[in-house]
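This report covers the fold, the sheet, a helix pair, the nonpolar cores and selected loop residues. Please read it alongside the model shown here.

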Amino acid sequence: MFFLTPVLAAVVCILIVWIFTNADRSMERRKEEPRARAEARPWVDEDLQDSTDLDQVEEDADESQESEENVEHIAFSHIRYPEKEMVKRSQEFYELLNKRRSLRFISNEQVPMEVIDNVIKTAGTAPSGAHTEPWTFVVVKDPDMKHKIRGVVEEEEEINYLKRMGHRWVTDLKKLRTNWIKEYLDTAPVLILIFKQVYGFAANGKRKVHHYNEISVSIACGILLAALQNAGLVTVTTTPLNCGPRLRLLLGRPANEKLLMLLPVGYPSKEATVPDLKRKRLDQIMVTV
């Protein structure tokens, strides 16, 4: 009995050391896992993340927030086309938009500002959560301001390509021959920067909730792209990662606005090329139940 006690004590000590050693290793693995997951996932700019979590805004917006319960309702005006006309119009619209491409070679030829006004008015017809219309379209024509915007974008995009985006993301972009050099930000006659308003203000100065502002502004961007194509202009959708705060300050936009998209707009340059890409077939994108 006395002989076994030291042996048992030694076994217990070994077990205790083994347990603590494995616990330390487990803790180290837990610390490494988030880092590994972060490296595996593409990096995303905060301005581009969905901002539908409006707890703080809702705390600030009380019952005195503007109410639209008494908005007058009027008769809906609608044009119903014959079936053959519907098919024809839908086919023609598809063919028009199927020619849309993301173009990075844009001429410096000026475009009529009336056209820009019209396409932005068209984008403003988009549906929005509770009709808050949470969008701001900043049109930049001044060459000095365009060059400053290019400087900010290229500085941040170089860091994105070299550090933030990760090997997988950069590799996926190689077939498109893109990099952090954005010459079109200087040459395009017009830049349209689309900001989402994450909240607004009621008449009494209180913050006003902008429901689904991310989705609403994204829909408006889609309509804007269609309007530009319809007008015979070209663009490329750019989401300048990590540039939002600096561009917001540069353009003097308020704190409740976050940059969602930047569109250089104009005519295609004479030497313009695009990747020979194919779109998915209807049976690959549509499911009928």
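## Overall fold

Residues 24 or more positions apart account for 84% of the contacts in the protein chain with a separation of 6 or more; contact means heavy atoms within 4.5 Å. The chain has 10 helices and 5 strands. These are DSSP runs, numbered from the N terminus: H or I of at least four residues for helices, E of at least two for strands. Of the 289 residues, 33% count as buried. Buried means under 20% relative accessible area, exposed over 50%, and partly exposed in between, with a 1.4 Å probe and protein chains only.

This is a predicted model: local features need pLDDT of at least 70, side-chain atom pairs count only at pLDDT 80 or more, and totals for chains, interfaces and linings use all residues. Residues are numbered from 1 along each chain as its sequence is written, and side-chain values use heavy atoms, with hydrogens and water left out.

## The three-stranded sheet

An open sheet of 3 strands runs in the order β1-β2-β5, with antiparallel pairing. β1 and β5 are the edge strands, each pairing on one side only. Neighbouring strands are turned by 20° against each other on average, direction ignored. Axes here are lines fitted to C-alpha atoms, for helices over the stretch in contact; angles run from 0 to 180 degrees between N-to-C directions.

Strand β1 (residues 135-140) pairs with strand β2 (residues 190-197) over 6 bridges, in the antiparallel sense. Two strands pair if DSSP finds at least two bridges between them. Val138 has Leu193 of β2 as its bridge partner. β2 and β5 pair over 8 bridges, also in the antiparallel sense. There, Leu193 stands opposite Leu262 in β5. Helix α4 packs on the sheet and touches β1, β2 and β5. The direction of α4 makes about 165° with that of β1. β1 is mostly covered, with 5 of its 6 residues buried.

## The α4–α8 pair

Helix α4 (residues 113-123) packs against helix α8 (residues 213-230) at an angle of about 145°, and their axes are 8 Å apart. The crossing is right-handed. That term applies if the near helix is turned clockwise from the far one by less than a right angle, and left-handed if anticlockwise.

On the α4 side, the contact uses Val119, Ile120, Thr122 and Ala123. On the α8 side, it uses Ala220, Ile223, Leu224, Ala227 and Leu228. By class, the contact has 8 nonpolar, 1 polar and no charged residues. Ala, Val, Leu, Ile, Met, Phe, Trp, Tyr, Cys and Pro count as nonpolar; Asp, Glu, Lys and Arg as charged; the others, Gly among them, as polar.

The largest nonpolar core has 23 residues. A nonpolar core is a set of buried Ala, Val, Leu, Ile, Met, Phe, Trp, Tyr and Cys residues joined through side-chain atoms within 4.5 Å. Those with the most contacts inside it are Ile116, Phe137, Ile192, Ile194, Leu224, Leu263 and Val265. α4, β1, β2, α8 and β5 (257-265) each supply at least two residues. α8 gives the largest share, 7 residues.

Ile192 has contacts beyond four places in sequence with, among others, Ile116, Phe137, Leu224, Leu263 and Val265. Apart from this core lies another, of 20 residues, including Val138, Leu191, Leu247 and Leu259. In a regular strand the side chains alternate between the two faces of the sheet.

## Loops and the end of the sheet

Which residues other than glycine have a positive phi? Ala130 does, with phi near 55°. Ala130 lies in the loop between α4 and β1 and is exposed, at 54% relative accessible area. Tyr212 also has a positive phi, near 50°. Tyr212 sits in the loop between β4 (207-209) and α8 and is exposed, at 53%.

Glu133 is in the loop between α4 and β1 and is partly exposed, at 34% relative accessibility. Its C-alpha is 8.0 Å from that of Val217, 84 residues away along the chain. Beyond four places in sequence, Glu133 touches Gly124, Ser128 and Gln197.

Gln197 belongs to strand β2 and is buried, at 15% relative accessibility. Beyond four places in sequence, the contacts of Gln197 include Glu133, Trp135, His210, Asn213 and Glu257. Gln197 and Thr136 are 61 residues apart in sequence, with C-alpha atoms 7.2 Å apart.
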